[in-house]
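Hello,

Here is the structure I promised to pass on to you. Please have a look at it first, and then read on for my notes.

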Amino acid sequence: MSQVSATLEESLVMEHIACPLCGCEQSAEVAVFQDWTYAIPGTFRTVRCDRCRHVYLNPRPRIDALLSTYPSDYAPYQQSAARLSTHAEDGMSEDLPSGAGRSVNKVVEAQRSGVRAWKFVSWLREVWHWWLNDRTTYIPAIETLSTRKVTDHFPKGLEVGCGAGAFSRHAAELGWSMHAIEPSASAAALAQESGINVFHGTLNEYRGSESSFDAIFAWMVLEHLPFPCETLTKFHHWLVQDGWLCLSVPNHRSLDRWLFGSKWIGYDGPRHLQQFEPHRLEKLLLEMGFSRVEIQYQPNLQYWFGSIAVLLYGRRLLDTEERSRIRDRFWMRQFHNGLSFPLRIVLSPIANLLSAFGISGRITVLARKGIG
């Protein structure tokens, strides 16, 4: 075992807990697994609450040990705005993927004299954009915000867990005044370098004020937090009336979770403390005071590639030195970096089919803070 792994094993103190949603002490085991992604030593266990049926990690790392489960090479800490711009079709922009936009524009220019041809190409562009949009993120249109009806201020957004700041920078380019929270010092520094107003610290340390944000964004964050109810209460308090909460989480009711079982990469212990299922998450948001909750099933196959890598490489992923070599191989590269553009085109029929049936590996959730 490497010195790094030994240090982690000594510092990662685990504690048994009651259900973080309802406080029930009784639960049943769902899966036992290891850290296939970053090789933190130990065996981890998810359970399902006997009362509310929520799935969560138990035992979990003690609160003061949570940050030690995120290594320096944790993927979101490495993301850059340049990488984001190559995935502009992910619901954040009307731009087409690199290369595709230029080819469509040439056709449009060649057909400007014919109105029918123009409309046809425009329709093709919309279909193309919809087909490859994996709906991993969402930015509300500024003109639809309720605050825009009474003032011309820049809409104010908060991204929780911004990583290196790619999403916040993109939102800022679209006219948002972005603030962000990031517990990693290195990632927060990268985000600040790109001009984002970043608070370096945890969500509990951040002092937000009532009705101060038009939208709060939390992409693949809620599953990492130990107290989801308290977190959603804070979000509700910080949003303006009719403000947006936009988040994404793994889908525990996905086909890939059912097929791969304890080898499902979405368990990602010991970092994923919660496992959400769409209808239960919708119910939780309504109970927290949100309304008009919309669940979008992402046509995203990254978890399939990561889970197949677990089957292929097995215990080699648990060795720190072996994992660093395997990480650059095809299956792990598609999982960590996102599917390459050609692969997304080829696999888009499968991805969209899983999305249509509501069994894809991740979900995006859009909720509004109700008025009255």
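With which residue does the side chain of D242 meet in a salt bridge at 2.9 Å, N to O? The partner is R368. By salt bridge I mean a side-chain nitrogen of Lys or Arg within 4 Å of a carboxyl oxygen of Asp or Glu. The two residues link distant parts of the chain, with D242 in strand β10 and R368 in strand β13 (residues 362-369), 126 residues apart.

Before going further, a word on what you are looking at. This is a predicted model, in which local features need pLDDT of at least 70 and side-chain atom pairs count only at pLDDT 80 or more, while totals for chains, interfaces and linings use all residues. Residues are numbered from 1 along each chain as its sequence is written, and side-chain values use heavy atoms, with hydrogens and water left out.

**Salt bridges**

Under the salt-bridge rule, the count comes to 13. D242 also meets the side chain of R292 in a salt bridge, at 2.3 Å from N to O. D242 lies in strand β10 (residues 239-250) and R292 in strand β12 (residues 290-297), so this pair ties together parts that are 50 residues apart in sequence. Helices (H or I, at least four residues) and strands (E, at least two) are DSSP runs, numbered from the N terminus.

Is D242 buried or exposed? D242 is buried, with a relative accessible area of 12%, and R368 is buried as well, at 11%. The cut-offs are under 20% relative accessible area for buried and over 50% for exposed, with partly exposed in between (1.4 Å probe, protein chains only).

Elsewhere, D35, D268 and R271 are linked in a network of salt bridges.

**Around E277**

E277 sits in the loop between β11 (274-275) and α10 (278-287). E277 has a relative accessible area of 3%, so it counts as buried. The closest N and O atoms of E277 and R280 are 3.0 Å apart, in another salt bridge; R280 is partly exposed, at 29%. Leaving aside residues up to four places away in sequence, E277 touches R48, V55, H252 and R253, where contact means heavy atoms within 4.5 Å.

**An open sheet**

Strand β11 also belongs to an open sheet of 4 strands, in the order β2-β3-β4-β11, with antiparallel pairing. β2 (27-33) and β11 stand at the edges with a single partner strand each, so one side of each has no neighbour in the sheet. Two strands pair if DSSP finds at least two bridges between them; β2 and β3 (residues 44-49) pair over 6 bridges. Within this pairing, E29 stands opposite V47 in β3.

**Two helices**

Helix α6 (residues 166-173) has A166, F167, S168, H170 and A171 as its buried residues. G175 follows α6 and has a positive phi, near 110°.

Helix α7 (residues 185-193) includes E193, which counts as exposed at 66% relative accessibility.

Best wishes
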